[in-house]
Amino acid sequence: MKSWYVMLPLLLVIASLGFVACTGGGDDQEYTHSILTGELGINEYSTLLPGQSTLLPRAYPGAPPFIPHSLAGLEISKDILPCLTCHLAGFSYGPDHTATRIPESHYTDLPTGEKSESIQLIRYNCLLCHVPQSAENLPLE
Amino acid sequence: MSASFSKVSRRDFLKIASASAIALAGHGLISQFTYGDADHDDELEGVLWEKAPCRFCGTGCSALVGVIGNDIVAVKGDPESPVNRGLLCIKGYHLLKIHSAADRLKKPLIRVSPKSVTSGAKFREATWDEALELISERFQSALQEHGPESIAMFGSGQWTIWEGYAAAKLLKGGLRSNNLDCNARHCMASAVAGFMTTFGLDEPMGCYDDFENADAFILWGANMAEMHPMLWARVSQRKQSAAGATIINLTVLSNRSSVMADREIIFKPQSDLAIANGIANILVQSGRVNSDFISNHVVFQTGKENIGYGLEDNSTFQEEASVVSFDDFKSHLATYTLEYVQQISGVTPDILSELADIYGNPNTKVMSLWTMGVNQHTRGTWMNNLIYNLHLLTGKISEPGNSPFSLTGQPSACGTTREVGTFSHRLPADMVVTNAEHRAIAEGIWSLPAGTIPAVPGYHAVEMMRAIDRGEIKVFWSLCANPYQDYANLNRYRKAAQEKDVFIIVSDVYPNLSSEVADVILPTAMWVEKEGSYGNAERRTHFWKKMIQPPGESRSDLWQIVEVGKKLGLGHLFQYDPQAYPLPQEQLISDASETAGFYMEKALWEEYRLFGKDKGHDLAPFELYHQTRGLRWPVVDGQETRWRYNEKYDPYVKSGEGINFYGNEANGGKAIIWFRPYEPPAESPDTDYPFWLCTGRVLEHWHSGTMTRRVPSLYKAYPHATAALHPDDAAELALSTGDRIRITSRRGSVEVLVEIGARVKPQKGMVFVPWFDEDVMINEATLDAFCPISKQTDYKKCAVKLEKL
């Protein structure tokens, strides 16, 4: 068995670690991932029909608006784009329920600035930029 | 209640809308028309807008970043960008919050808890000098006691070009270790190996202009609608505007790309090898090949077969190539009859013939597109070769619209990891450490004594982790990556991090599953907090300026690499002439330049571009990239190159040559058509583990979610990873949406909730789980089998069982 003094440097290291951990508590951070919640879930969105939902706040001025209503039965295909039914003109379903009208930018070829009678076909896939929002909030703070 | 989008004028739209309005009015739902909501950004005043590439995928969109003071207040698509033409996807629009979540790392941290503690481990704050001193001591003692093989660095396809370059110079030129690899090994290594074995030069010959010139788009296991959104917007635009434009989605699961496709073809995992050979067999049997092209520009070869799966530690691969005749090649292919291909893949003869008709019709311009389905594959290099075969047999290559196009995953997988060569075997400009001449060129440019760079490749990414587990690596530094969430067979490697004598340094922006196993955490400045440079999938190099100050004491990876170099006595590697590279005027100075006292980024750039000059990799002078929306290399006399190997577009092809695959100088500039057979996957479902597990990404999140899961609106857009199943399997297992299951493989298990009929619909016998969610550590179940040629892991195929909980 080794003499205790051979172990001395190690004991000192352990002691100093203990010192840091105990008395230096103000500096030690318990290290957690704020987004690791230990909880599982599914991705659930609004079940309100178009015309029943109200606008969600945009993330910032100019941000693409979110989709506040259910998309059930409104599947986009290569032939059909159901979103246009309401958003082309911006229908109002009453004072509190106005479908956001597709803005001028969507009729404009942005690199050239040329305006067109039709919506730019590069915008066909609405869901690349416009997404629904679940009721869950980021588990940070 | 729906309207066709294409070829309908606004007046027509209004008609449709009015008709719908009348229909809805009948239900009493509509009281009036209103016209609200224009583009909505006119509320912003006093904003300074500057361009920056998006921080996420390999598409390489350009964003306009709106800054007031030190805050990013808005982001919009850059209308001057030829890539994204003024648009961004949902991730791009939310770039403005990726840097500002509440738990941003702001000070260096040193571990206090024992290594065995992960969740809830304690760290103490340290000064940079203390952290750097500790790191330097650990590097020095490892080097002295165990040699340069005992240190390793793991970098990123999200590094800026100069960060990757500085890392390569520090490791290979300074510390004399080739143990530098990166997360692009998991992402693009098979694409690199495919390019090198077929063409002798990395990266696509074509470019994004092909999207507006192709008639047919064949997706080989690539869900572009979610993974390359703005390129998908261009494909869709072509589909909707050009008569007869066709999209075929070849896939193992039904996904969002199927929505726009004329045909979705579901095939069994791994059988893409048989499908590609089956198409080639039809083409050669029916003579629908381009004979002139074949005789002038192609040679045929066979290679080693039964190459294994890299499952054993220290496995190696040695190619056994033989040149064969076209007739020999045909006889090899003859096995791949319609019936045989159907038996392996499930694809019926009429569908296979339809694919052959597209590739074989000389009037149809074909773009093949692929990424992770093909690259994350135990025969990934072979699959890349096989797609090139179809384009080479038909001569459909290197011209507008005819384009085998390898999409890339990360924003600078091409620019940084591939072009700089931050892989264990590579040097800049497609050179390799195993070639004495290449080493001499690098040593010359770096002003190093001959023999400095080791001639043996270092550990590739998977072997690096295995070497940690074997106790061979004593210091491991991960930057701009999240290996302890990202690696397949994760349990083995996380356990090694906690139990082995290895000092782990993690440079990151937020706490994640890698920093929790670190001994030192370095807080890192990101994206527009530093000056940067990325290279996208179409060879476009693009730059951005620093726009805001990083928070707290966070520092860029470039600053960190240089400072560690200085502590190790290697400061001379990063010392340049302040007279030649004065600090820039009228812009924020990066941390690396400020500390150096000269324009570090420019100095590194001007040195780096010596590697590719006159070698087909020419890059432009530094300033040009700040003035443009990027340029596609080779940039010769200030002009970018759109289609390589073609005399009409590429200055490297001499007049009269037509096509010259000049990467293969040794065989006279010919591309190589390889015969590569179907071989089974490393692990297939059986009675104990009856399901395939396939993993991947979703539109709303980037990789392991460290950034995007901290953006409130992206979190809300897709909060959880779930397990998708075929409805028949769900019925058989009595599972419905929201049920909790355990997915178990031979390596580990994970609990997750099922979601049936969501956006991904797997084939029968398959479960799909994305890997962005820290609460669903799916890589504890995945298998670390890899392509023995490229060493890229197959994250798409392993066997699991499912239990209802």
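1. Ground rules. The model is predicted: local features need pLDDT of at least 70, side-chain atom pairs count only at pLDDT 80 or more, and totals for chains, interfaces and linings use all residues. Residues are numbered from 1 along each chain as its sequence is written, chains are lettered from A and ligands numbered from 1 in written order, and side-chain values use heavy atoms, without hydrogens or water.

2. Cavity count. The whole structure holds eight cavities of 30 Å³ or more. A cavity here is a set of points, on a 1 Å grid over the protein atoms alone, where a 1.4 Å probe fits but cannot get out; lining residues have an atom within 4 Å of a point. Points are joined across faces, edges and corners, and a volume is the space filled by probe spheres set on them.

3. Largest cavity. Its volume is about 690 Å³. The lining has 40 residues, with B:M372, B:G373, B:Q376, B:T695 and B:K796 nearest the centre. In chain B, α6 (224–227), α13 (372–375) and β26 (691–696) each give two or more residues to this lining. β26(B) gives the most, with three residues. Helices (H or I, at least four residues) and strands (E, at least two) are DSSP runs, numbered from the N terminus.

4. The lining of the largest cavity splits into 15 nonpolar, 19 polar and six charged residues. Nonpolar covers Ala, Val, Leu, Ile, Met, Phe, Trp, Tyr, Cys and Pro; charged covers Asp, Glu, Lys and Arg; the others, Gly among them, are polar.

5. Second largest cavity. This one holds about 270 Å³. Of its 23 lining residues, B:R55, B:Q158, B:C480, B:D508 and B:M707 are closest to the centre. The classes are eight nonpolar, 10 polar and five charged.

6. B:T782. This residue sits in the loop between β31 (766–770) and β32 (798–804) of chain B. Beyond four places in sequence, B:T782 contacts (heavy atoms within 4.5 Å) B:A488, B:N489, B:L693, B:T695, B:R747 and B:C798. The C-alpha atoms of B:T782 and B:A799 are 8.5 Å apart.

7. B:H391. Helix α14 (residues 380–393) of chain B carries B:H391.

Notes
On a 1 Å grid over the protein atoms alone, a cavity is a set of points where a 1.4 Å probe fits but cannot get out, and a pocket is an open set with protein on both sides within 12 Å along at least five of seven lines; lining residues have an atom within 4 Å of a point.
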